[in-house]
Amino acid sequence: MCANTKVLMSDAQPSTVTTIISNAPGETPAEPLAAPTITRAYQCQCGRPVFLRNSRCLACQTPLGFVVERLGVVPLAPVAGTDQFTAFGEGGGPRYVRCANFTSASGCNWMVPAEAVEGETPGNAAANGLLPGMCLACSTTLTIPDQSVPENPQRWNRLEQAKRRLISQLLALGLPVVTRVKDPAHGLAFDFLSEMPGAPVLTGHAGGTITLNVAEADDALREQVRAQMGEPYRTLLGHFRHEIGHYYWDILVAPRDDWLAAFRDLFGDEQADYGQALQQHYQDGPRADWATQFVSSYAAAHPWEDWAETWAHYLHMADTADTALSFGVNALKVEIGEDDLFHAADLWQPDHPEAGHFLDFLNGWVRLTHVLNEFARSMGQPDTYPFALPHAVVRKLQFIHQLVLHQREDGGAPAGQAAASTPGTKQDHAVAGPASANEASAPVEGG
């Protein structure tokens with residue numbers, strides 16, 4: 001990191017990282033890699049590094065858990081005579097219990113506030129919008145795959161791991177994560193469904209419910225689909241980040257006239273017939289100019305898909321930059337041409353007070369991707385970042401960045417209720433067919 005960059009740990013949120021950047025006159029625009037949100041490097045009380053999915057330190061055997069209020073994995077100390085824990089060294093602090101899914105195939109390592117569990121009463125919603133005994137992440141899951149199918153326990157584990165990473169990032173960004181327990185009409189929910197004969201399940205979003213085909217958790221099958229569709233990138237986490245974009249469009253963009261007008265200027269009019277647009281995309285292929293106007297060929301299909309693809313890309317960038325900075329990855333010595341960097345003129349609102357910070361983040365990202373791709377090539381793997389950012393996409397990314405900042409300043413509460421969804425009119429793909437009998441814990445929205 002250059003000498004003009006300072007990284008400060010916030011007292012209010014122990015895991016939050018704030019980067020203050022001042023470029024000296026004549027410096028290359030946005031030379032440092034800015035830190036958008038939080039550290040992804042966690043430590044046990046013994047000083048050894050631990051990671052997002054860990055539930056126990058392998059060095060000293062200290063129990064670990066993800067604590068929402070800390071936005072990270074923390075070492076825990078058992079409370080004698082109970083099943084409760086406190087943060088290590090904070091015996092008089094808040095108490096937590098393991099999520100009920102800790103011992104399931106999901107292997108959840110998130111913690112539940114003890115008062116939430118103690119406040120549960122039969123037949124009533126749990127405190128804090130949580131399902132009985134469940135953490136925030138698990139409380140968003142409505143339907144899990146049939147665990148009697150041999151492949152499904154591992155698939156469920158992979159799905160939940162990706163979802164936990166997603167939700168941990170959403171919380172760090174200050175975005176609202178509201179369960180159906182707390183808001184039955186507009187809360188966030190996930191259905192993980194298996195295909196049945198004559199009833200395919202396609203990944204999509206409708207009315208706050210995100211549906212994923214559990215077969216996507218099979219690496220070989222997902223790679224086969226990626227190759228068939230000519231996609232440069234297809235992952236479980238990518239699916240989650242794309243579909244959550246549709247959810248946030250409903251609650252952050254649609255209810256706000258000012259943001260909606262700006263959205264239409266950048267992404268296009270979402271009132272264009274969605275079904276017809278997708279049919280044309282799959283029949284005729286993407287627009288000829290998609291590579292200069294969109295982050296992916298699928299983004300060219302319809303403004304809603306352009307939004308969701310660009311939103312997912314922003315989350316990819318932010319989380320990867322957080323991780324790189326957390327672990328001291330320094331991309332500042334990467335030699336790239338001036339033409340590969342972006343400038344204020346490329347932005348949507350170059351005069352916005354946060355424009356300089358966004359430009360730092362963006363150009364730091366450009367440098368970082370060169371390093372990431374070389375790492376992958378050195379291991380004989382495909383490029384980690386198989387994309388090129390057109391100038392038109394940079395303007396859209398800044399729009400999303402400023403929307404997220406605005407939401408964070410509002411304290412994480414949505415500006416309005418989710419826009420009404422007409423089944424079958426706004427989904428990434430149609431959700432076809434019912435769940436199997438062992439999966440039908442809740443009805444599937446869509447058609």
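Leu-159 is buried, with a relative accessible area of 0%; buried means under 20% relative accessible area, exposed over 50% and partly exposed in between, using a 1.4 Å probe and protein chains only. The model is predicted, and local features need pLDDT of at least 70, side-chain atom pairs count only at pLDDT 80 or more, and totals for chains, interfaces and linings use all residues. Residues are numbered from 1 along each chain as its sequence is written, and side-chain values use heavy atoms, with hydrogens and water left out.

Leu-159 lies in helix α2. Helices (H or I, at least four residues) and strands (E, at least two) are DSSP runs, numbered from the N terminus. Not counting residues up to four places away in sequence, Leu-159 touches Phe-192, Leu-212, Val-214, Ala-217, Leu-236 and Phe-240, where contact means heavy atoms within 4.5 Å. The C-alpha atoms of Leu-159 and Ile-144 are separated by 9.6 Å, and these residues are 15 apart along the chain.

An open sheet of four strands has mixed pairing and the order β10-β11-β13-β12; two strands pair if DSSP finds at least two bridges between them. At the edges stand β10 (141-143) and β12 (204-206), each of which pairs on one side only. On average, neighbouring strands of this sheet are turned by 25° against each other, direction ignored. Axes are lines fitted to C-alpha atoms, for helices over the stretch in contact, and angles run from 0 to 180 degrees between N-to-C directions.

Three bridges join β12 and strand β13 (residues 209-213) in the antiparallel sense, and Ala-206 stands opposite Thr-209 in β13. Helix α2 (residues 152-172) lies across β10, β11 (189-193) and β13, and it runs at about 160° to β11. Helix α4 also packs on the sheet, where it touches β11, β12 and β13, and its direction makes about 20° with that of β12.

## Two helices that cross

Helix α4 (residues 236-253) and helix α8 (residues 303-326) have axes that come within 8 Å and cross at roughly 115°. Their crossing is right-handed; a crossing has this hand if the near helix is turned clockwise from the far one by less than a right angle, and is left-handed if anticlockwise.

Among the residues of α4 that meet α8 are Arg-241, Ile-244, Tyr-248 and Trp-249, while the α8 side includes Trp-307, Trp-311, Leu-315 and Asp-319. By class, this contact of α4 with α8 has 10 nonpolar, five polar and four charged residues. Here Ala, Val, Leu, Ile, Met, Phe, Trp, Tyr, Cys and Pro count as nonpolar, Asp, Glu, Lys and Arg as charged, and the others, Gly among them, as polar.

## The nonpolar cores

The largest nonpolar core has 99 residues, of which Trp-110, Ile-244, Tyr-248, Trp-307, Trp-311, Leu-389 and Phe-399 touch the most other members. A nonpolar core is a set of buried Ala, Val, Leu, Ile, Met, Phe, Trp, Tyr and Cys residues joined through side-chain atoms within 4.5 Å.

Leaving aside its neighbours within four places in sequence, Ile-244 is in contact with Leu-166, Leu-170, Leu-188, Phe-190, Ile-210, Trp-311 and Leu-315. In soluble globular proteins, nonpolar side chains tend to be buried together.

Four bridges pair β5 with strand β6 (residues 72-78) in the antiparallel sense. Within β6, Val-74 is the bridge partner of Gly-65, and Val-73 is that of Phe-66. Strand β6 is mostly covered, as six of its seven residues are buried.

β5 and β6 form a hairpin with four residues between them, and Leu-71 in the turn has a positive phi of about 55°, although Leu-71 is not a glycine. Leu-71 is buried, with a relative accessible area of 6%. Strand β6 also runs antiparallel to strand β7 (residues 84-87), joined by three bridges, with Leu-76 opposite Ala-87. The hairpin of β6 and β7 has five residues between the strands, and Gly-81 in its turn has a positive phi of about 75°.

Gln-61 is found in the loop between β4 (49-50) and β5. Its phi is positive, at about 70°, although Gln-61 is not a glycine. Gln-61 is partly exposed, with a relative accessible area of 42%.
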